Amino acid sequence: MPRPEDALALLKIISSANHLCGPPENYYDDNEARKYTTSSRIQTVQAEMAHRALELLGLDAPSLILDIGCGSGLSGEIISSIEPMDGGPHTWVGMDISASMLGVALQRDVEGDLMLADIGQGLPFRSGAFDAAISISAIQWLCNAESSEASPQGRLSRFFNGLYACLRRGGRAALQFYAKDDAQRKMISDAAIRAGFKAGVLEDDAGTKNRKIYLVLSVGGGNTSGDITEVVKGFHDVRILEARRKRREKRDQRYVKGTKAWIARKKEQMERRGNIVKPMSKYSGRRRRGTAF
């Protein structure tokens with residue numbers, strides 16, 4: 001059983017990388033990639049969180065799994081180790097933005113196929129390619145915007161839309177992440193809902209410094225009330241997010257072109273596409289007086 005201080009140590013590493021060192025491909029150079037992979041503390045916590053993510057997926061048959069932000073393959077090793085009696089063996093494909101991390105994975109001769117890619121630009125897979133997806137300590141990087149052309153909302157939108165497309169109908173995803181604050185947590189979960197997912201948020205070690213958040217997603221099918229992911233039944237501290245109900249309520253609103261509500265909606269749509277837009281003001285939607293000549 002991993003010690004609480006082990007999880008806290010990993011959280012400090014992730015937080016430092018996120019807020020002080022820029023994008024992950026810059027932080028995880030060859031040296032940092034080796035240090036990350038050879039740390040016994042990190043190996044222990046990664047294994048625990050990967051097992052937890054697989055538990056939340058509830059897979060009962062061999063599956064093709066996408067490992068998002070696979071790094072040096074620590075989570076992939078857990079996927080490969082699942083025995084037939086537990087629903088395995090599973091096959092996995094890993095993608096990561098750090099060439100150094102993937103280089104370490106190749107040196108370790110992991111079993112999965114590896115791809116160098118930025119998940120904030122979308123997922124380059126055919127529709128319905130995967131049965132499930134996991135991610136450990138990766139998707140919070142999408143909230144980093146390193147240029148004026150990129151926004152966290154746009155990167156999150158491209159990622160979740162791509163993930164929704166590449167999972168088969170009925171497919172599931174369990175994404176563990178560390179949120180800087182409640183606003184960032186909401187931004188991530190809202191982006192998943194807008195992409196069409198049914199979503200549930202689960203917290204382990206809630207109320208402590210080493211809390212871990214899991215976003216459990218499901219694609220299509222079933223009832224939207226109750227345990228919509230069908231995999232978090234019986235877990236404590238679970239908050240269900242009902243996407244269809246929210247979309248239905250939004251559809252019922254009537255947006256008249258030119259009104260303040262219509263302008264706000266258009267600005268929100270542009271932000272989701274990754275565009276930079278001016279904020280609303282007290283003059284937005286106000287009728288202008290005609291000018292006499």
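Are D204 and R52 buried or exposed? Both D204 and R52 are buried, where buried means under 20% relative accessible area, exposed over 50% and partly exposed in between, with a 1.4 Å probe and protein chains only.

This is a predicted model, in which local features need pLDDT of at least 70 and side-chain atom pairs count only at pLDDT 80 or more, while totals for chains, interfaces and linings use all residues. Residues are numbered from 1 along each chain as its sequence is written, and side-chain values use heavy atoms, with hydrogens and water left out. The chain has a mean pLDDT of 79, and 72% of its residues reach 70 or more, pLDDT being the predictor's confidence in each residue, from 0 to 100. Over residues 1-21 the pLDDT is below 50, although this stretch has 42 contacts in the model beyond near neighbours in sequence, a contact meaning heavy atoms within 4.5 Å. The pLDDT also stays under 50 over residues 222-231, for which the model has 29 contacts beyond four places in sequence. Where pLDDT is low, the predicted coordinates should not be read in detail.

Turning to the strands, β5 (residues 167-177) is mostly covered, with eight of its eleven residues buried; helices (H or I, at least four residues) and strands (E, at least two) are DSSP runs, numbered from the N terminus. Strand β4 (residues 130-136) runs parallel to β5 and is joined to it by six bridges, whereas β5 and strand β7 (residues 212-218) run antiparallel, again with six bridges; two strands pair if DSSP finds at least two bridges between them. A133 has A173 in β5 as its bridge partner, and R172 has S218 in β7.

The structure holds ten salt bridges, each a side-chain nitrogen of Lys or Arg within 4 Å of a carboxyl oxygen of Asp or Glu. The side chains of D204 and R52 meet in one of them, at 2.8 Å from N to O, and this pair links distant parts of the chain, with D204 in strand β6 (residues 198-204) and R52 in helix α4 (residues 40-57), 152 residues apart.

R185 and E203 also form a salt bridge, at 2.1 Å from N to O, which links helix α8 to strand β6 across 18 residues. R185 is buried, with a relative accessible area of 11%, and E203 is buried at 12%. D182, R185, E203 and R211 are linked in a network of salt bridges.

Helix α8 (residues 182-194) also contains I193, which is buried, with a relative accessible area of 7%.
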